[in-house]
Amino acid sequence: MKRFIVPLAISTWVGCSLFSCSKSTESNSTPKNFTLEITDSVEIDYLGEMMLIDYDPDEDKYLLTTDVYYEYLEVDDKGKILNHNKFNPEGIDAVETSLGLGYVDGMVTVLTQTSGYYQFVDSSKVGEIPIPYNYQIFMFYPKLGVFRDKDKTYFPSLWPETFAVNMDEGDFYRKLYRLPVLSSLDETTRDTIGVVRLPETSKLLDGQVHGFPIPVYTKIENTLLLSMWLEPRFYVYKQSGDKFDYERTVEVDIPGWVHYDPVPADKAEQFFEGFSKKLSGNLTNFFKVGDNYVVVYNKGISAEQMSELGQPNDGGLARRKKNPNYAAIFDKDFNQLATNVPFPGTSNYPMVVNKEGELVVSKVAGMSETEDDGVILYKLKLTQK
């Protein structure tokens, strides 16, 4: 049986008010203050827990899903339910396990365990993005990461079935970190090729064991921003034709970030023992809002705090309250302008930017002091004072 690595912040969820930011981290510039202001809230007539995971700007619709990506809603900008579907685990178009979910060309697209990507419109399967080799998956993807450009489809590189997995061997991790992070699929020839790899300067290539980094990236025009989830840094690539050339690494200054502890390659089996004692910080997404880049993260929970919280008996709500979502703000040249800009305390970390330039988040019902009649979306405006 496969062991799936679940992203540690896979779901973290106050009323309408201003949420203030912190100062710029640039010592030679005037401090800049940013806030995320709730400008509107949308109620969806659905009794149950759903989190916002994607947005289609062409049809102005939002995609929400359960935490295991197996049931989903599509809603319009006013919260009206356009579609409600559960995947069928049996039959011709069976989806036994949903490993990632999102929009591709307006179609709900799901990563399956063995058959590549299935695409759905109005709950009916209308197409596939087949991966022309046998692959294996040991993690859920918090962001689907599939996009099309001309005659190429780009997707997070899936491990070939021949890749030997041994979580207790340092050599496995050394090979893992050098695999392509992003691959392209030629729609005509069905050939795949790795197009993004970590730069040689990445700390993940230092020969130690860093666990399972989870790639999360956003393509904005000809720029691709890549996070490996567990690091307070991201990598910038520029697209040139079919290629993505590494340009720079940007360190994100986050006071209080809880670092994980790498271990020597010959002690690989000890990594997860230490890793489980605290909740490391996560860098979970990127957006372009106006002239600024917004980097979303959780700081993590220290070993001491984890010990005080004890074993979760509330579905993890106490841990999520201790580990809220923040944003760091960068200008167009990747100079950091602000850090620790708080999102509403009950917001989940999957979030989107709509065509109005608003950040949209879903509310975690269990973290609120008030009871709602349905799923709530908050629209947030990034403002600078």
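Because the model is predicted, local features need pLDDT of at least 70 and side-chain atom pairs count only at pLDDT 80 or more, while totals for chains, interfaces and linings use all residues; side-chain values use heavy atoms, with hydrogens and water left out.

**Stop 1: a helix with paired charges**

Select residues 170–177, which form helix 1. (Helices are DSSP runs of H or I with at least four residues, strands are runs of E with at least two, and both are numbered from the N terminus.) Now show the side chains of Asp171 and Arg174, which meet in a salt bridge at 3.6 Å, N to O. A salt bridge here is a side-chain nitrogen of Lys or Arg within 4 Å of a carboxyl oxygen of Asp or Glu. These two residues are three apart, about one turn of the helix.

Asp171 and Lys175 are four residues apart in helix 1, which puts about one helical turn between them.

(Buried means under 20% relative accessible area, exposed over 50%, and partly exposed in between, with a 1.4 Å probe and protein chains only.)

**Stop 2: a link between two strands**

Next, pick Arg233 and Glu251, a salt bridge whose closest N and O atoms are 3.0 Å apart. Arg233 lies in strand 19 (residues 233–240) and Glu251 in strand 20 (residues 243–251), so this pair ties together parts that are 18 residues apart in sequence. Arg233 is buried at 9% relative accessibility, whereas Glu251 is partly exposed at 46%.

**Stop 3: the largest pocket**

The largest pocket holds about 990 Å³. To find its centre, select Asp54, Tyr55, Tyr103, Lys143 and Thr218, the closest to it of the 37 lining residues. (On a 1 Å grid over the protein atoms alone, a pocket is an open set of points with protein on both sides within 12 Å along at least five of seven lines, a cavity is a set where a 1.4 Å probe fits but cannot get out, and lining residues have an atom within 4 Å of a point. Points are joined across faces, edges and corners, and a volume is the space filled by probe spheres set on them.)

Strands that each give at least two residues to this lining include strand 3 (51–56), strand 7 (101–104) and strand 25 (347–353).

**Stop 4**

Select Trp159, Leu176, Pro213, Pro215 and Met228, the closest to the centre of the largest cavity among its 15 lining residues. Its volume is about 210 Å³.

Finally, show Gln136, Ile137, Phe138, Met139, Tyr141, Leu158 and Trp159, which line the second largest cavity. About 30 Å³ of space lies there.

Methods
Residues are numbered from 1 along each chain as its sequence is written.
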